[in-house]
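Subject: Structure for you to look over

Hello,

I am passing on the structure we spoke about. Please open it alongside these notes.

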Amino acid sequence: MLTLQAILATSIFVAVIFLVMTEWLHLTIAAFLGALLLVFFNILTFPEAINYIGQSHGTLALFFGVMVLVRAFEPTKIFDYLATQMVLLAKGKGKRLLLGIVAITTPICAVLPNATTVMLLAPLIPPMAEEIGVDFVPLLILMVFVANSAGLLTLVGDPATFIVGDAINISFTDYLAKLSLGGVLAVATITLMLPWLFPQIWRKKLDDLDHLPHPKINHPRTLTVGAIIITFVLVFFVVGESLPVPVSPAAVALLGGALALMLAHHSKIDTVNNILRDVDWSTLLFFMSIFVLIGGLEKTGVISSMSGVLAVLLGKNILLGSMALLFFVGLLSSVIPNIPLVVAMVPLLKQYVVNVGLAPAAVLDPNFSGQFPPEVLPLFYAMMFGATLGGNGTLVGASSNIVAAGISELHGKRISFQNFLRYGIPVMFMQLLTSALYVTLRFLI
């Protein structure tokens with residue numbers, strides 16, 4: 001039976017989601033107030049709240065480092081220049097622009113975390129949309145759809161995918177053989193929906209390309225050094241954790257940001273104060289607050305109590321369990337950021353398979369390095385697909401969504417919850433249906 005504290009923690013969490021959905025409060029204010037209420041009602045002590053933020057330090061450090069890195073090179077006008085080149089390559093046609101966003105985002109998100117990719121590419125979108133004469137908000141939304149979906153192509157493409165894969169000890173090559181096709185199908189689903197999702201942009205044509213503004217790159221020498229820094233960051237994102245002395249993506253991003261700050265300061269293209277002032281602090285505070293809210297649910301036993309419910313409802317039926325998890329986690333992931341959701345769901349699912357006798361109790365050991373029984377793996381695969389693709393449903397469903405919303409706001413337009421929902425719900429349901437079909441045919445029949 002739930003305690004008073006568990007009821008309070010759940011009520012505060014639901015209230016925060018309600019405020020975000022109705023937009024009665026800015027999403028950062030709603031989440032921040034919710035986190036503080038947990039401390040005020042002594043559901044979490046202040047050190048416990050800080051500890052839950054600290055457990056997610058890698059995510060926060062990664063975001064902060066890349067934000068600084070991108071902002072430091074804005075004075076060079078590289079983003080405006082690249083945006084113009086993309087419009088010229090698309091020959092002013094909206095359909096080519098949409099397909100180009102899919103083509104550029106997909107391979108990058110196969111090797112880099114999707115939120116990182118959005119932070120690197122999203123600054124190109126507003127100037128590009130302005131030149132072709134369309135609203136940049138739908139283009140940003142498309143980018144996060146593709147980024148979230150392409151994260152399923154490899155084990156390292158999405159933090160949620162990596163967390164689940166690491167929990168079941170799947171290797172990089174095993175993932176490619178078993179699950180990458182699901183990521184291909186997710187991206188293909190979006191591509192097929194483009195004419196219906198963005199009809200005005202799809203039909204848009206810009207005939208007079210000669211009158212496009214042609215921005216010139218400022219500070220070319222500084223940018224050359226900056227390109228070396230960015231190359232260093234991208235290379236170490238991919239290989240850093242496999243080195244004899246592992247280097248985490250968060251540490252790489254922070255080092256890249258520090259080097260970019262040093263370069264901007266000494267080349268006098270901008271000041272440190274200006275760069276740090278323009279970091280998207282609102283997005284960082286939102287994530288800190290969400291981690292605290294999830295921590296409240298975890299501490300009060302709300303999340304762990306759900307494993308018993310799963311055992312009663314699903315029993316040992318793997319097919320029913322996989323489909324239920326895929327859609328349940330998908331819907332849940334549309335209102336809860338998928339990183340903390342997956343962190344909470346992995347131990348819950350492990351406990352469930354042990355409770356119903358499908359796996360030995362040894363799998364509950366955090367240091368377990370053996371193989372899971374093959375018959376239970378579809379449950380984890382289904383959860384992985386649901387958590388990743390469900391993030392496309394609403395504005396708060398995935399970290400890359402929040403990052404894109406922050407970048408949009410910095411460029412003068414706010415992505416409203418309802419506006420995102422209009423695109424997100426059909427994309428999410430179509431992708432969940434496609435994934436359900438893939439998991440069923442590939443692993444359950």
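This is a predicted model: local features need pLDDT of at least 70, side-chain atom pairs count only at pLDDT 80 or more; totals for chains, interfaces and linings use all residues.

Salt bridges

The count comes to five salt bridges. In one of them, the side chains of R71 and D270 meet with N to O at 2.9 Å. R71 belongs to helix 4 (residues 57–72), while D270 sits in the loop between helix 15 (249–267) and helix 16 (272–277), so this pair links distant parts of the chain, 199 residues apart. Both R71 and D270 are buried.

Another salt bridge joins K413 and D135, again with 2.9 Å from N to O. K413 is in the loop between helix 22 (399–410) and helix 23 (417–444), and D135 is in the loop between helix 8 (125–132) and helix 9 (136–150), so the pair ties together parts that are 278 residues apart in sequence. K413 counts as partly exposed because its relative accessibility is 36%. D135 is partly exposed too, at 34%.

D278 pairs with R277, and their closest N and O atoms are 3.5 Å apart. D278 is partly exposed, with a relative accessible area of 28%, whereas R277 is exposed at 56%. R71, D270, R277 and D278 are linked in a network of salt bridges.

Helix 6

Helix 6 covers residues 94–109, which makes 16 residues. At 1.5 Å a residue it should span 22 Å, and its end C-alpha atoms are 23 Å apart, so the two values agree. The buried residues of helix 6 are G94, L97, L98, G100, I101, V102, T105, T106 and C109. As background, an α-helix has 3.6 residues a turn, so residues three or four places apart point the same way.

Positive phi

N42 has a phi near 60°, a positive value in a residue other than glycine. N42 lies in the loop between helix 2 (27–40) and helix 3 (46–55), and is partly exposed at 47% relative accessibility. N169 also has a positive phi near 60° and is likewise not glycine. N169 is in the loop between helix 10 (159–167) and helix 11 (172–178), and counts as partly exposed at 24% relative accessibility.

Surface patch

L25, I29, F32, L33 and L36 make up a nonpolar patch on the surface, with about 400 Å² of accessible area together. Of these, L25 lies in the loop between helix 1 (4–22) and helix 2. L25 is partly exposed, at 31% relative accessibility.

Regards

Technical notes:
Residues are numbered from 1 along each chain as its sequence is written. Side-chain values use heavy atoms; hydrogens and water are left out. Helices (H or I, at least four residues) and strands (E, at least two) are DSSP runs, numbered from the N terminus. The expected span of a helix is 1.5 Å times one less than its number of residues. Buried means under 20% relative accessible area, exposed over 50%, partly exposed in between (1.4 Å probe, protein chains only). Patches are made of residues with over 30% relative accessible area and no salt bridge: like charges are joined within 9 Å, nonpolar side chains (Val, Leu, Ile, Met, Phe, Trp, Tyr) within 5 Å. Accessible areas come from the Shrake-Rupley method with a 1.4 Å probe; for residues, only the protein chains shown count as cover. A salt bridge is a side-chain nitrogen of Lys or Arg within 4 Å of a carboxyl oxygen of Asp or Glu.
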